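Visitor: I have a model to look through and would like a short tour. Can we go through it piece by piece?

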Amino acid sequence: MLTAAATALTRTDDTAGVVLVGGAVTLLAWVLTPAWLVGVLFVSPAVAAAAPVALAPWLVARGYFVRVTRSAIQTGEATGTPSLVAWGELVRDGVKSVLLSAALLAPLAGGLAVAGGVVAALIEGPVDPAATATAVESALGPGGPAVVAVAAVGVVAALVGAYLLAFAYVRPAALAAFAASGRLRDGLSPQTVADIAATGPYATGWTLAAGALAVGYAVAAPTAPLVVGVALAFLVRVVAHGLYGRGAAAAMAGGPDSRTEPGVTEAHIATDAGGRALRETGATHGDVTARGDAATRGDAITRGNATARGGTETRGKVAARGGTAAAEVGRGRDA
């Protein structure tokens, strides 16, 4: 699994483009996004209007990691790294990736907000802090208030740390569920995410990805000012998301969530001499090349939302060479 993910970049037709563009996008994200945040918080709220420009590289990078995860899920160990093209699609996936993370972190944010409200009520509310401190001191001794404060901070820190660790483990599983179907609701489905996160292959992929990120960032950090480290950090994240996808693929292979987006899988439909569909060895949305006596390779093309399963309906446009395959535009039935 690790070898396949680490060498995926060598199996793509656009290795140099992925490295150069990915490194440039990562560098811009590291520079523009923090600068934009500082401008909004400390300079003027009007700086928020520059969000489309400032956040675009960051969203493109996140969207590309979604694409890497999706590619690894669909094609498994043999997949190469996808090209870094179609930036509009990458931005859309990047926005969904951000929304996914925000939804998973919302309970933590809510809990911290409640804790902050309790502290504010104790300090500024109707309860006198001095009276409370005196009562605690009388019960626990002179150091009682400090002990209580340290214990409270420790409990909060432990809970936050545990939640963030769980988030780090569950979030890639949620991302894989979203990437496989393209539907954000799948990434937010507790049952779907749990079915992925609880499997051994996913745990293995996640562990390998964590190790790759730790080693990769340790190597990239000293060379980040030289820009080489920026590109290396990008490539390490590509490897990590490839591992997430490969780990999740085994868990998703048998369920409905393993279905992929339009135009990304191949199917071969065998036909007999009369042009009748015998079986389907893969379901697809997109272009399907039919093979058999009724149509030569490339002659029968199904377009649109086409799925051939003996006896079910096939929609699309079928053209066949040889005159033995029926052609219909719109709607047809497999004999």
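Visitor: What percentage of the residues of the chain count as buried?
Guide: This is a predicted model. In it, 36% of the 335 residues count as buried.

Visitor: How many helices and strands are there?
Guide: The chain has 10 helices and 6 strands.

Visitor: And the contacts, how many join residues at least 24 apart?
Guide: If you take contacts between residues at least 6 apart in sequence, 56% of them join residues at least 24 apart.

Visitor: Which residues have the most contacts inside the largest nonpolar core?
Guide: They are Ala-173, Ile-196, Tyr-202, Tyr-244, Ala-248 and Met-252, in a core of 26 residues. At least two residues each come from α3 (51–75), α6 (144–181), α8 (190–197), α9 (200–223) and α10 (228–252).

Visitor: Which helix gives the most to this core?
Guide: That is α6, with 8 residues.

Visitor: What does Tyr-202 touch?
Guide: Setting aside residues up to four places away in sequence, Tyr-202 touches Tyr-169, Val-170, Pro-172, Ala-173, Ile-196, Ala-197, Tyr-244, Gly-247 and Ala-248. Apart from this core there is a second, separate one of 12 residues, including Phe-65, Leu-84, Leu-90 and Val-238.

Visitor: Back to Pro-172. Where is it found?
Guide: Pro-172 is in helix α6.

Visitor: Is Pro-172 buried or exposed?
Guide: Buried, because its relative accessible area is 5% and the cut-off for buried is under 20%.

Visitor: What is Pro-172 in contact with?
Guide: Beyond its neighbours within four places in sequence, Pro-172 contacts Phe-167, Tyr-202, Trp-206 and Tyr-244.

Visitor: Changing topic, at what angle do α4 and α6 pack?
Guide: Helix α4 (residues 87–124) packs against α6 at about 155°, and their axes are 10 Å apart.

Visitor: Are they roughly parallel or roughly antiparallel to each other?
Guide: Roughly antiparallel, because angles over 145 degrees count that way.

Visitor: Is the crossing left-handed or right-handed?
Guide: The crossing of α4 past α6 is right-handed.

Visitor: Which residues meet there?
Guide: From α4 they are Asp-93, Lys-96, Ser-97, Leu-100, Ser-101, Leu-104, Leu-105, Pro-107, Leu-108 and Leu-112. In α6 their partners are Val-156, Val-160, Tyr-163, Leu-164, Phe-167, Arg-171, Ala-174, Leu-175 and Phe-178.

Visitor: And how many of each class in that contact?
Guide: The contact of α4 with α6 has 14 nonpolar, 2 polar and 3 charged residues.

How values were computed: Residues are numbered from 1 along each chain as its sequence is written. This is a predicted model: local features need pLDDT of at least 70, side-chain atom pairs count only at pLDDT 80 or more; totals for chains, interfaces and linings use all residues. Side-chain values use heavy atoms; hydrogens and water are left out. A nonpolar core is a set of buried Ala, Val, Leu, Ile, Met, Phe, Trp, Tyr and Cys residues joined through side-chain atoms within 4.5 Å. Buried means under 20% relative accessible area, exposed over 50%, partly exposed in between (1.4 Å probe, protein chains only). Helices (H or I, at least four residues) and strands (E, at least two) are DSSP runs, numbered from the N terminus. Contact means heavy atoms within 4.5 Å. Axes are lines fitted to C-alpha atoms, for helices over the stretch in contact, and angles run from 0 to 180 degrees between N-to-C directions. Angles under 35 degrees count as roughly parallel, over 145 as roughly antiparallel, 65 to 115 as roughly perpendicular and the rest as oblique. A crossing is left-handed if the near helix is turned anticlockwise from the far one by less than a right angle, and right-handed if clockwise. Ala, Val, Leu, Ile, Met, Phe, Trp, Tyr, Cys and Pro count as nonpolar, Asp, Glu, Lys and Arg as charged, and the others, Gly among them, as polar.
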